[in-house]
Amino acid sequence: MLIKVFGSAVFGVEATTITVEVNIDKGVGYHLVGLPDNAIKESSYRIAAALKNNGYSLPGKKITINMAPADLRKEGSAYDLTLAIGILAASGQINSEEVDKYIIMGELSLDGGLQPIKGALPIAIKAREEGFKGFFLPKQNVKEAAIVDGLEVYGVENVMEVIDFLEGRGTLEPTVFNTREEFYKTLDFPEFDFSDVKGQESIKRCMEIAAAGGHNIILIGPPGAGKTMLAKRLPSILPPMTLREALETTKIHSVAGKLKEAGLMNQRPFRSPHHTISNVALVGGGSYPQPGEISMAHNGVLFLDELPEFKREVLEVMRQPLEDREVTISRAKFTITYPSSFMLVASMNPSPGGYFNDPDAPVSSSPHEMQRYMSKISGPLLDRIDIHIEVTPVPFDKLSDNRKAESSVEIRERVIKAREVQTQRFEHLPGVHYNAQMGTRQIREYCSLDESSLQLLKTAMERLNLSARAYDRILKVSRTIADLEGAENIGPQHISEAIQYRSLDREGWLG
């Protein structure tokens, strides 16, 4: 008897429906075809034990299973449940009338229990697109799949629950997830708040500008100045995610298997990889490409602490994704694109010893060592960072001050207002939502300067030996400063503040 059951394979952040054809005939043998990997080939042992422990058995006949399309590589153990139900239906041990109306996925334990799978959300989206009635999957993944309405999503703990449902013996209730209600359960009291930070008013101002315009930022300062503390608090002042952004971000984390039992992500991600990370782990890849840290930080913040300690080739692979806001991974037979629109926040010491220009600190690095340390970060990478700011240690009187600083919620209100201005400005431009995403044409259109501002910028570039790459960055940042003030045009005061945020562009900064 020939039976068709349906599973799904995830490539990038999209799913492809897999038709599992099970044919049982006279003879003996178990043949699995259609480019399965080792995890799928080993499934026969798990399936045999799981069925035996639940009162069923593998038929002692010739079982041929084809996973179509046969030229597409299948990977992982998530097809165990699909194959098990297909074998039971083809051998007549269970009723097969309804089996082709559902997507069935899950990894089997030897007792018939189910282990979680990756990519439940893209699979559910594809199942609804293709008109399937429902989706059986492990209970741990049910919340992410239930985000998709118009599809009956059944979270099951054991293979027997699926068998009983198909036989009409048991009642399984589909999981209902109110996407909008869950999405608006945002945390107004973030774990890390700017009110915890003593002093550092100028750095907080920088963070506010970076958040308002989506600008990349680098913090340079000695150990203990508060660089990491400030960076961790940046997500608390970013505008709340839109529903579209939340779905995009949840999809990527679902594919990576990092959602655990959460449903829709309504908080912006904050990723902080260690400096020993490889370039594949950072941008994504592998023989079965997985999203890297830059995609996991999509719509959130990627924090690179101690930037010069990262391997140079690791930092260089970030250049193109920073510009294009997506990363493309190519293999001989397929190409996968992951979105990677994130805010880069980097921090670094000004020298290997950690100190620079501080009369009270021990000077343990020569100018040559400092220069070599700084040169680990290439010009093209710095070119993509809009704001450079020096962080100085907090004096004792500020540290011991008991007055409460401004909270993240207050700062975020100003950031949201500035973002709303930008959303209206760029509403007719696809792919541009805030100032940091402006290209040359938009800079010319929206960052026009009056005569006094132009003169100020010219003088500053000549006096401070600012490089040409600083020009566009200063204009973008000054546009954001003007938006925060609610000003329609960029004024000299906005330009002069933006010029201060280009420390590393000044020639002879170390000299």
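Trainee: How many salt bridges does the structure hold?
Mentor: Good place to start! Bear in mind that this is a predicted model. The number of salt bridges in the structure is 23.

Trainee: Which residue forms a salt bridge with R205?
Mentor: R205 sits in helix 8 (residues 201–213), and its partner lies in helix 22 (residues 492–500), 292 residues apart. The closest N and O atoms of the pair are 2.8 Å apart. The partner of R205 is E497.

Trainee: Is E497 buried or exposed?
Mentor: Let's reason from the cut-off: buried means under 20% relative accessible area. E497 has a relative accessible area of 15%, whereas R205, at 25%, counts as partly exposed. So E497 is buried.

Trainee: Which residues touch the most other members of the largest nonpolar core?
Mentor: This core has 67 residues, and its largest share, eight residues, comes from helix 3 (residues 80–90). The residues touching the most other members are I85, F135 and F136.

Trainee: Where do the buried residues of helix 6 fall, seen down its axis?
Mentor: The buried residues of helix 6 (residues 159–167) are V159, V162, I163, F165 and L166. Seen down the axis, these residues line one face of the helix, because they fall within an arc of 165°.

Definitions and conventions
Residues are numbered from 1 along each chain as its sequence is written. This is a predicted model: local features need pLDDT of at least 70, side-chain atom pairs count only at pLDDT 80 or more; totals for chains, interfaces and linings use all residues. Side-chain values use heavy atoms; hydrogens and water are left out. A nonpolar core is a set of buried Ala, Val, Leu, Ile, Met, Phe, Trp, Tyr and Cys residues joined through side-chain atoms within 4.5 Å. Buried means under 20% relative accessible area, exposed over 50%, partly exposed in between (1.4 Å probe, protein chains only). Helices (H or I, at least four residues) and strands (E, at least two) are DSSP runs, numbered from the N terminus. The arc is that of the directions from the helix axis to the C-beta atoms. A salt bridge is a side-chain nitrogen of Lys or Arg within 4 Å of a carboxyl oxygen of Asp or Glu.
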